[in-house]
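Here is a short tour to read alongside the model. Have the structure open, and let's start with the overall picture before turning to a few details.

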Amino acid sequence: MSSTMLRSLSRAAPGSASLRLHSNRLQIQSTQLPAATCLLQGRQEQRRHAGIHAISNPTLAGIEKRWEAMPPQEQADLWMALRDRMKTNWHEMTLQEKKAAYWIAFGPYGPRALPPPGEGRQVFWYTMLGVGIAGVIFAITRQFARPAPKTMNAQYQAMTNEYLKSQKTEAITGISSEGYQGKGMIQSKPRRGPPPDEEEE
């Protein structure tokens, strides 16, 4: 019986060694598979980019002047072609492609457009014109307006001061106080003509 067990163990030992060797090979292959996959993808990407040809110079010539007038679909196609070219090695791009890509990305058009020449001067003169028109309208309105009230003159307001003093109005800090040096109610220019009579008072 012991000889039978020894023969079975001797048979099992080579089998287990072969299983371990097979599993080690599988592990090595599994670790090498992602690297091989990445290498294959990189080569495919290089082949794809290698197939992208440079954009012709006539297509990019004068792009600064033609860009805003181009149809949206043509703008999108040109930008996609430039974007694909920028994914490759930039040393392979032509000078025209680099200039066009920079101008489309950062050029002064649309919201970044520069103001037209003389715009500041036009704003100034239009502002002055508006102020002048407003002044003329104000002057015409004043010509047809009613005269100022009869109480809006220095003589009437001086009489108002005397009345307030006789009534001891604001006797602590106001017009009736001792040593008061203010103007009181006087705020208008002197009246032209005779002084106001008793009825106006």
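## Overall build

A quick word on terms: helices here are DSSP runs of type H or I with at least four residues, strands are E runs of at least two, and both are numbered from the N terminus. In this predicted model, the protein chain has seven helices and zero strands. Read from the N terminus, its elements follow the order α-α-α-α-α-α-α.

Of the chain's 201 residues, 15% count as buried. The protein chain exposes about 16,500 Å², with carbon and sulfur atoms supplying 61% of that area. Among contacts with a separation of 6 or more, 51% join residues 24 or more positions apart.

Let's look at α5, which covers residues 95-106. Its 12 residues reach 16 Å from the first C-alpha to the last, close to the 16 Å expected at 1.5 Å a residue.

Which residues of α5 are buried? They are E97, A100, A101, W103 and I104. These residues lie on the same side of α5 because they cover an arc of only 165° around the axis. The cover over the buried residues of α5 includes α2 (57-60), α3 (63-66) and α4 (72-86). On the face turned away from the buried side, you will find the exposed residues L95, Y102 and F106.

## A buried asparagine

Now move along to helix α7 (residues 154-166), where N161 is found. With a relative accessible area of 7%, N161 is buried, since buried means under 20%. Leaving aside residues up to four places away in sequence, N161 touches I175, K183, G184, M185 and I186.

Terms used: Residues numbered from 1 in each chain as written. Predicted model: local features only at pLDDT ≥ 70, side-chain atom pairs only at ≥ 80, totals over all residues. Heavy atoms only, no water. Expected span 1.5 Å × (residues − 1). Buried < 20%, exposed > 50% of the residue type's maximum accessible area, 1.4 Å probe, protein only. Arc of directions from axis to C-beta. Contact = heavy atoms within 4.5 Å. Areas by Shrake-Rupley, 256 points an atom, 1.4 Å probe, with all protein chains shown as cover.
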